[in-house]
Amino acid sequence: MTATATSTPPPAAPKVSGGKGGRTRLSLPWILLIVAGGLIALSAVRAITGAEDLTSAGQIGAALSLAVPIGLAGLGGLWAERAGVVNIGLEGMMILGTFFGAWAGWQTDPWIGVLAGILGGMFGGLLHAIATVTFGVDHIISGIAINILAVGVTSYFAKLWFNTGEAAQKGGSPKQSPPSEDITSITVPGLSDWLADIEKHHWFLVSDIAGILGGLVTNLSLLTIVAVLLLVGTFFVLWKTAFGLRLRSCGENPIASESLGVNVYKYKYIAVIVSGALAGLGGAYLSLVTSHIYNEGQTGGRGYIGLAAMIFGNWRPGGLAMGAGLFGYADALQLRAGGQSVHALLLLLFVVLVGIALWKAYKKRWITAAISAVIGAGVLVWYLGTDTVPVEFVSATPYVVTLLVLSLSAQRLRMPKADGMRYRKGEGK
């Protein structure tokens, strides 16, 4: 054991400052100011374009429902990558969660289906941990293999279990499970109706806030509340406990952690299995809350979008939640309102791009400012010259938003230092 290793403490949570190496952590007043500015801009776009669904309670409720599985997948990715394991297999673990959640849910109780979905995801996480941690397989290759394996396994068992006997009589097929019962939803009595009355008046900003709050207190699934608690719990466990400090140290400097007595393999295994459990829960949410059945291809790339939300959030729960909410909102918009509302968002995109151009010009980054201004002008011409957007673009809205968000935030990210690196036991001795 070297003197350097002996004196090196396990790395704490990354303290990122502004500049090239990291991302400036915004204070609460700045965050509130940004949120207020976004609400005002969205309300103005609604008032100008007449696209009332932009801030309706139905839109927000649908966005929340679609954001939860994305957020859970991203939360799973956060656990794994904070321990130094890249988890591209989130999509496959979600697929396992959708299948086993629906399989157990229609036969017994939806909450048992939730447990089965978690166990399915944990199995995928265990496979990923064995491959990457024990055998040192490249993390990307292992994740892709799990995604392929999950598709094959669920397709085989769907034909075996859903296409015969009682399952077939109740609506099952080789690509679909019989429907399961609903998980209980709650509505805050009185408050929901009061907010709905305010929303109907279409007052500037006031009705928009009422619509947003109404979507958060109307027909709220209990599993959504569980997901929010898991988000808060993840922050507390990983950033406020000794266990979380050791786990994050494995993703920053596993050699130094091992030299101080941390069992790096154990913490990586725990992190990746928890990662699979969260992704499996996200899959179970899709098959038990969003649609009440399993459908082949149901995840629709949400595991990858969850990974993008985690990266957008700079590997932290708060930013992840914002990213998942943004992607869920875009997904709900294209499902509910289609071309008209997406067309209205072009005006909001123009405002955002102009704001970016002005900020970059203030920072004397003239090339970036010019590019933002040119793209903003193009978006404005598109908005003024059309009444709607093509159906093909509407269906691609969530993925376009994913690319835009990642491209705008990529230069200010800071991943765990040892993320994706192979680690062999004994390197710290």
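Biologist: Is K200 buried or exposed?

Modeller: This is a predicted model, and local features need a pLDDT of at least 70, side-chain atom pairs count only at pLDDT 80 or more, while totals for chains, interfaces and linings use all residues. Residues are numbered from 1 along each chain as its sequence is written, and side-chain values use heavy atoms, with hydrogens and water left out. K200 sits in helix 8 (residues 191-200); helices (H or I, at least four residues) and strands (E, at least two) are DSSP runs, numbered from the N terminus. Buried means under 20% relative accessible area, exposed over 50% and partly exposed in between, with a 1.4 Å probe and protein chains only, so with 60% K200 is exposed.

Biologist: How far apart in space are K200 and S56?

Modeller: Along the sequence, 144 residues separate K200 and S56. From C-alpha to C-alpha, the distance is 9.2 Å.

Biologist: What average pLDDT does the protein have?

Modeller: pLDDT is the predictor's confidence in each residue, from 0 to 100. Here 91% of the residues score at least 70, and the average is 87.

Biologist: What is the radius of gyration of the protein, and why does it agree with a compact globule?

Modeller: The radius is taken over C-alpha atoms, and the globule rule is 2.2 Å times the number of residues to the power 0.38. For 429 residues that rule puts a compact globule near 22 Å, so the protein agrees with it at 23 Å.

Biologist: How many helices and strands are there?

Modeller: Along its principal axes, the C-alpha trace spans about 65 × 65 × 40 Å, and 48% of the 429 residues count as buried. The protein's secondary structure comes to 19 helices and two strands.

Biologist: Which residues touch the most other members of the largest nonpolar core?

Modeller: A nonpolar core is a set of buried Ala, Val, Leu, Ile, Met, Phe, Trp, Tyr and Cys residues joined through side-chain atoms within 4.5 Å. The largest one has 45 residues, and the ones touching the most other members are L223 and L247.

Biologist: Which helix gives the most to this core?

Modeller: Several helices each supply at least two residues, among them helix 3 (57-82), helix 10 (222-240) and helix 13 (264-290). With 13 residues, the one giving the most is helix 13.

Biologist: Which residues is L247 in contact with, leaving aside its neighbours within four places in sequence?

Modeller: Let's take that core member by itself. Its contacts are W79, R82, A83, L238, Y267 and A271.

Biologist: How many residues are in the second, separate core?

Modeller: Its members include A51, L66, V379 and V394. V394 is found in helix 18 and is buried, with a relative accessible area of 7%.

Modeller: W315 is found in the loop between helix 14 and helix 15 (317-336). W315 is buried, with a relative accessible area of 6%. Although W315 is not a glycine, its phi is positive, at about 60 degrees.

Biologist: Is K364 buried or exposed?

Modeller: K364 also has a positive phi without being a glycine, about 65 degrees. Its place is in the loop between helix 16 (339-362) and helix 17. At 61% relative accessibility, K364 counts as exposed.

Biologist: Which residues does A418 touch, not counting those up to four places away in sequence?

Modeller: A418 lies in the segment after helix 19 (397-409) and counts as buried at 5% relative accessibility. Its C-alpha atom is 8.9 Å from that of E81, 337 residues apart along the chain. The residues A418 touches are G84, C250, G251, E252 and P254.

Note on methods: Contact = heavy atoms within 4.5 Å.
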